[in-house]
Amino acid sequence: MSEVLVEQDVLVRMQEDLRRALKKPRRERRWVMVIDLRKCVGCHACTVACVAENKLPPGVVYRPVLEEEIGTYPHVTRRFTPRPCMQCDNPPCTPVCPVHATYKNADGVVVVDYNQCIGCRYCITACPYAARTFDFGQVYTQDTPDGLPFLLGRQTADDYERVPSDEYGRKWERKGEESPIGNVRKCHFCLHRLAVGMLPACVTTCIGRATLFGDANDPASLVAEMVARPNTMRLKEELGTEPRVYYLL
Amino acid sequence: MFLKRIVYALCVVALLVGAWGVYDRLAYGHQNANYGSYVVWGLWVAMYLFFVGTAAGAFMIATLDLLFRVETFRGTGRVALWVALVSLGAGLLSIWLDLGHMDRIWKVYLQGNLSSVMAQIVWGYTLFGLLLLASLYLAIRQPRGVVLRVLMTVGLPLSLFLSGAVGALLGVQASRLFWHVGLFPVQFPVFSLASGAAAMLVALGLFGPRDDPRRGQQLWILSLSTVVLAVVKLYFLWADFSQSIYGNVPQNVQAVNAVLFGPYWWAFWILQLFLGTLVPVVVLAQPRLARHNGWAGVMGALVLFGFAVARANIVFPALTVPELEALTTAFTGPHLTFSYFPSLMEWAVTLGVSGLAVLAFLIGNDRLPLRGKEAA
């Protein structure tokens, strides 16, 4: 068997890294995401996994994959850039919030307190990465007709949409105008999964193992090794936002 | 008066249309709005900037009578305060309807983040509203009292600060180069004063009593102020746009191009520049026309209209430029687009709010003692 096949899956290593990190006090962790653009094939599995994990409604997206065509024929290639929230260490989105609804938590992840957010959307305009979206209260089955006695309809089709989201370790049901409807929403590195020892959904579903995650304060972790490489870059570094998402080129 | 009846009737129609819009907004939330997660602020935010700017400007005009006691403007202070009050109300109503959770507005007061410009503005405008109410009350009861002068003295810098703070609300955002202009907080008070002067042209020219011997002179001074401030506004525009284009930073140039040559070029060239600036400047620069109630009033209305469009041309273009180019096609869905034109519901709400403001002004103008003995 070739050496490549017996090599440990990076997911296993990241899982071990995560286990170690969770034993540390929260303030001593530094969650970092590293995305290897050479390995990303643009399958959008991470985007879909994120939508499914966080029960995102239409129009809300945490992790789109930007697709660009580079070069001219015959030297043409496509670049895929997944764009989660950058979890900036110097975030422009948090100081503008008029009610302290968005802030960096003890882990250094930029979070939104849904019950505090007034929905002014100032933070969205402040984010240079467009990493925040507003929940307009839409549902996928909005135009699905009601069922008949002999035919299944919206009441059955929207079962999935009634499943509460587990974000921030709580159950968020979509009903009426209640939060998270009318709130700004964003990627939070799947904090609710991390809390129970699971990697973010986008990491576990990445078919090319292009998305890596872990505690950069742990010198033995995979991400600590990756961010020290010379071929890393961060988006819009010139703005001084100090993103915690690194791209490997 | 025939004109007044027509305006009353139009206000009622506007209110009916607005009632439908507000129903839609309350029943379906923001679902039927055309702003989204990329162009996050739409017509209501632009109208908020316009109305609160006009309120601050009208207050500045009120100080001519109630603080500085300029003889020519004697008796206009209460009207100006009333204009400021209804305009402020309309602005706050616009922005309140824009919130995702209207019921949580109290959090800005009790759990506010005072380092947020938005929180500062909410606090400031609340204070300004209370100050306006007290000033109007005193201007009616004790027009030459010391307390009123103190309030006007406090209110003048407050109105300047607040209109500047609205500029800062946008200006502090380094990620939007079109807004990130150091002089925004300086420009906005100028815009406010111009719209305040224009609002007073409408209030005095179209709806003021005909027997005031100082009216011609008042209109002439207000017209001259409007003309000068409109020219200053043009200079600011030129300075902003020419530097942006010369600097050639793509995101900034894209935003400027969206204003000048984008899908709504006509809003800038025809509505804002031609109808809202050029025509009024030419007409109001003529002393004979500027002293004429009808001409001055109509031109004041055009200037106001131009300023409303100008606010929209400040808010929208910066948001129509993608932060990351490939975002436009990265993920599709409702409210994920970089183009924007207000929806029917948004227009209806704005029409209703504007109708309510004009109606409130007319009722106050007719029923409140805004012109007592002091005014004669």
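Start in chain B: select Lys233(B) and Phe307(B). The charged end of Lys233(B) sits over the ring of Phe307(B), 4.3 Å from its centre. (A charge sits over a ring if NZ of Lys or CZ of Arg is within 6 Å of the ring centre and within 35 degrees of the ring normal.) A quick word on what you're looking at: this is a predicted model, where local features need pLDDT of at least 70 and side-chain atom pairs count only at pLDDT 80 or more, while totals for chains, interfaces and linings use all residues. Residues are numbered from 1 along each chain as its sequence is written, chains are lettered from A and ligands numbered from 1 in the order in which they are written, and side-chain values use heavy atoms, leaving out hydrogens and water.

Next, pick residues 77–98 of chain B, which make up helix 3. (Helices, H or I with at least four residues, and strands, E with at least two, are DSSP runs numbered from the N terminus.) How many residues of helix 3 of chain B are buried? The count is 17 of its 22, where buried means under 20% relative accessible area, exposed over 50% and partly exposed in between (1.4 Å probe, protein chains only).

Hop over to chain A and select Arg170(A) with Trp172(A). Arg170(A) lies over the face of Trp172(A), 4.4 Å from the ring centre.

Now colour strand 10 of chain A, residues 245–248. Val245(A) and Tyr247(A) are on one side, Tyr246(A) and Leu248(A) on the other, and all are buried. Strand 1 (residues 31–36) of chain A pairs with strand 10 in the parallel sense over four bridges, and Val34(A) stands opposite Tyr246(A). Strand 9 (residues 232–233) of chain A pairs with strand 10 in the antiparallel sense over two bridges; there, Thr232(A) has Leu248(A) as its bridge partner. (Two strands pair if DSSP finds at least two bridges between them.)

Last stop: Asp36(A), in strand 1 of chain A. Is Asp36(A) buried or exposed? Asp36(A) is buried, because its relative accessible area is 6%. Leaving aside neighbours within four places in sequence, Asp36(A) is in contact (heavy atoms within 4.5 Å) with Ala210(A) and Leu248(A).

Technical notes
The expected span of a helix is 1.5 Å times one less than its number of residues.
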